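Colleague: Please take a close look at the side-chain pairings in this model. What do they link, and where do they lie?

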Amino acid sequence: MGKALFILGIPLFVFLLTGLAGKKLKPFATGIIGTIGIAIATLISYLIACEYFFGIGKVDGKFQEIIPWTFEWLRFTDKLHIDLGVLIDPISVMMLVVITTVSLMVHIYSFGYMKGERGFERYYAFLSLFTFSMLGLVVATNIFQMYIFWELVGVSSYLLIGFYYTKPAAVLASKKAFIVTRFADLGFLIGVLILSFYTGTFDLSELTANKGSLVVATTAGASFMGLSVATWAMALIFMGGAGKSAMFPLHIWLPDAMEGPTPVSALIHAATMVVAGVYLVARLFPVYVFAAPDVLTMIAYIGCFTALFAAIIAMTQTDIKRVLAFSTISQIAYMMTALGVSGYGGHEGLGYMSSMFHLFTHAFFKALLFLGAGAVIHAVHSNEMANMGNLRKYMPITHITFLIACLAISGIPPFSGFFSKDEILTSTLENGHYILYITLTVTAALTAFYMFRLYFNIFWGKREKTYEHKPHEAPLSMCLPLIILAVFSCVTGFIPFSDFVSSDGVPFATHIKWSVAVVSFNVAMIGGLVALLFYARGSFASDLIVERIPKLYHAALRKFYMDEIWMFITKSVIFKIICYPIAWFDRHVIDGTMNALAIGTQRISSSIRVLQSGRVQFYALVFVLGTLLLTVWALYM
Amino acid sequence: MIQMEHYLIVSTIMFFVGIYGFVTRKNLLAVLISIELILNSVEINFSVFNRYLYPEHLEGMFFSLFGIAISAAETAVAIAIIINVYRRMQNIDVRHIDKMKF
């Protein structure tokens with residue numbers, strides 16, 4: 001298990017090597033170094049997964065937490081200290097596998113996609129940094145370590161989104177992503193501080209042990225503004241998670257973040273970074289269930305609303321990456337909802353398990369979708385649907401793999417998305433949240449619709465489409481990851497996930513609930529068929545519908561004006577009421593004091609510096625006269 | 001009979017002549033000579049006090065010898081500096097050597 005440390009160490013080493021010596025190496029060599037590094041990390045994480053799940057992990061039928069390596073970094077009091085370490089438990093092992101696999105695919109894919117780009121070596125260095133920080137986040141042993149890596153993830157995503165730093169849109173997008181997530185992290189930090197103030201520990205194992213009894217016991221009776229302290233703390237921590245996971249209303253950064261290179265979108269905005277919020281809630285799940293159940297319900301409803309909201313927007317977008325961005329928001333929201341409705345232990349914890357299951361399957365098919373979209377963009381040099389069509393003839397491999405991913409995300413059996421989505425829907429139904437169940441089922445239909453809208457618009461004909469440059473199939477380095485991920489998307493659904501991951505570590509049996517499965521399958525088919533009718537041959541039916549509901553359509557096209565609303569809030573509320581007074585205080589009081597000191601010192605020194613004439617004889621005269629005065633004073637006074 | 005006071009008067013005159021020269025002369029060499037005058041007046045004092053007050057001791061005499069050696073070394077250094085100053089500025093007028101102020 002000690003080799004878990006290598007998973008962290010290798011990407012860090014590769015980052016330092018390629019980041020510092022990148023200019024001296026050939027770009028291709030940095031790519032090779034990065035890819036080999038992550039390949040080794042992938043191998044190790046698979047080994048650990050095997051060893052953990054089929055060997056040492058299970059003791060008395062329960063998966064244990066193992067901490068193979070830890071050291072104390074900062075000590076405040078005997079109980080309150082910040083450690084750095086590696087925590088191995090079912091969800092962290094699962095995340096290690098997901099992150100390293102997707103990252104490896106992205107590394108390989110980037111050889112083809114980023115070929116000849118300026119800053120190729122910088123790109124690979126940032127990829128390694130990002131992978132390192134995400135891996136550090138999932139194996140964190142304490143909440144503060146998690147916070148450190150959480151911020152590192154934010155920084156490295158900022159660097160990667162703004163990779164094309166000469167493009168103003170990319171710079172704006174990276175700034176937006178950083179500021180929005182940073183704003184959310186403020187809540188996370190306050191939540192962590194409240195929690196550790198009451199419980200006196202940062203340690204995740206201690207916080208979640210014995211059904212979160214430590215938190216329940218230490219925060220009992222304390223309340224603030226009518227809500228218990230635990231509720232406040234956990235809600236604030238969720239705020240951080242909502243920022244990273246792009247939950248409404250903090251989702252605005254994610255669509256813009258598509259300005260980064262497409263493989264980066266696959267890595268950050270589909271498979272790894274955005275699930276950090278889900279992972280955070282899952283990590284602290286016992287605390288949420290037992291200390292702050294209200295927050296969990298809130299998470300469920302926010303998630304459900306976000307799922308529907310993002311799906312509606314996704315139906316109207318014409319930039320293929322933006323469609324995928326909104327579908328990501330929607331799918332992440334599914335996971336949040338599942339966590340929100342879940343109970344603890346055994347079959348009660350179905351929501352927890354289904355959320356992790358969906359995270360696992362979603363990572364692969366969403367990475368596949370993004371990489372497929374990247375191959376399409378690579379071929380036609382455009383992000384707009386209008387510039388595509390009929391590509392199935394030119395790009396057979398991309399076409400087939402993209403179709404598999406579409407089927408998987410739409411929840412068509414036997415592809416992976418079907419199984420995980422089915423579990424999520426079952427968990428909402430079994431826990432009696434009928435509104436959530438209905439909304440998510442409707443969203444599933446919308447998901448199928450917008451995914452197949454995307455698929456038909458790219459690969460099937462509007463009329464006969466002609467291209468100036470004949471589109472070509474992607475090179476082998478890009479096709480290989482597509483094929484591998486397509487295989488993953490086909491088979492991961494058959495993994496008996498509840499045997500490995502459950503809310504309390506005890507495996508339980510799950511069965512497909514046919515009533516739910518049939519309904520979700522049918523609505524997905526309806527969504528897909530409507531898309532087929534509308535878009536496969538380029539009919540005008542969709543235009544007719546748009547004409548019927550122009551207001552709703554335009555609102556959705558403009559993303560329900562969320563950007564404008566946030567702009568208004570920041571500019572006229574936050575800036576005017578909070579920032580301007582603070583800026584005035586800073587400029588006039590704080591800077592004023594310092595400036596007065598500096599100016600005073602300078603005036604005095606310039607007035608006495610004429611004494612320093614450089615004439616030695618003058619100094620000597622002063623010295624002699626001074627000595628005489630002292631002598632006279634000594635003799636007569 | 002020459003009294004101790006006579007020696008002291010001479011050395012005091014030498015001392016203040018030296019001070020005067022140091023402050024008023026513009027030529028670096030003259031300034032250097034003035035410094036030598038000051039040093040020598042002090043050495044006279046050492047010898048005189050030793051000779052008249054503590055004739056059985058020799059510390060004052062040795063201190064004078066020591067001072068002479070020091071002033072010789074110091075003169076060598078000063079001359080070297082003055083030569084360098086002259087090479088750089090083409091004169092050794094004290095009033096012009098104020099480049100190193102501030």
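Modeller: A charge sits over a ring if NZ of Lys or CZ of Arg is within 6 Å of the ring centre and within 35 degrees of the ring normal. By that criterion the charged end of A:Lys421 sits over the ring of A:Tyr334, 5.2 Å from its centre. In chain B, the charged end of B:Arg51 is placed over the ring of B:Tyr52, at 5.9 Å from the ring centre. This is a predicted model, in which local features need pLDDT of at least 70 and side-chain atom pairs count only at pLDDT 80 or more, while totals for chains, interfaces and linings use all residues. Residues are numbered from 1 along each chain as its sequence is written, chains are lettered from A and ligands numbered from 1 in the order in which they are written, and side-chain values use heavy atoms, with hydrogens and water left out.

Next, the aromatic pairs. Rings of Phe, Tyr and Trp (its six-membered ring) pair if their centres lie within 6.5 Å; planes under 30 degrees apart count as stacked, over 60 as edge-to-face and the rest as tilted. Over all chains, the search of the whole structure finds 41 aromatic pairs. One of them is the stacked pair of A:Phe364 and A:Phe488, with 4.6 Å centre to centre and 20° between the planes. This pair links distant parts of the chain, since A:Phe364 is in helix H15 (residues 350–380) of chain A and A:Phe488 in helix H19 (residues 476–491) of chain A, 124 residues apart. Helices (H or I, at least four residues) and strands (E, at least two) are DSSP runs, numbered from the N terminus. A:Phe364 is buried, with a relative accessible area of 0%. Here buried means under 20% relative accessible area, exposed over 50%, and partly exposed in between (1.4 Å probe, protein chains only).

A:Phe364 is buried; a further aromatic pair, A:Phe452 with A:Phe456, is tilted, at 6.0 Å centre to centre and 40° between the planes. A:Phe452 and A:Phe456 are separated by about one helical turn because they are four residues apart in helix H18 (residues 434–459) of chain A. A:Phe452 counts as buried at 8% relative accessibility, and A:Phe456 is buried at 7%. Ring pairs also join A:Phe28, A:Phe111, A:Phe120, A:Tyr123, A:Tyr124, A:Phe163 and A:Tyr164 into a cluster.

Now the charged pairs. Side chains of opposite charge can pair when their charged atoms come close. A salt bridge is a side-chain nitrogen of Lys or Arg within 4 Å of a carboxyl oxygen of Asp or Glu. The whole structure holds eight salt bridges over all chains. Among them, A:Lys167 bridges to A:Glu259, with the closest N and O atoms 3.3 Å apart. A:Lys167 lies in the loop between helix H5 (143–161) and helix H6 (168–199) of chain A and A:Glu259 in the loop between helix H9 (253–256) and helix H10 (262–271) of chain A, so the pair ties together parts that are 92 residues apart in sequence. A:Lys167 is partly exposed at 37% relative accessibility, and A:Glu259 is partly exposed at 21%.

A:Asp256 forms a salt bridge with A:Arg322, the closest N and O atoms lying 3.6 Å apart. Because A:Asp256 is in helix H9 of chain A and A:Arg322 in helix H14 (residues 320–341) of chain A, this pair ties together parts that are 66 residues apart in sequence. Both A:Asp256 and A:Arg322 are buried. A network of salt bridges links A:Lys176, A:Asp256 and A:Arg322.

In chain B, B:Asp93 forms a salt bridge with B:Arg95, with 2.8 Å between the closest N and O atoms. B:Asp93 counts as buried at 15% relative accessibility, whereas B:Arg95 is partly exposed at 40%.

Between chain A and chain B the count is zero salt bridges. Ten residues of chain A are in contact with 13 residues of chain B, contact meaning heavy atoms within 4.5 Å. The area buried between the two chains is about 1000 Å², of which carbon and sulfur atoms give 65%; buried area is the accessible area (1.4 Å probe) that two parts lose on being put together, summed over both.
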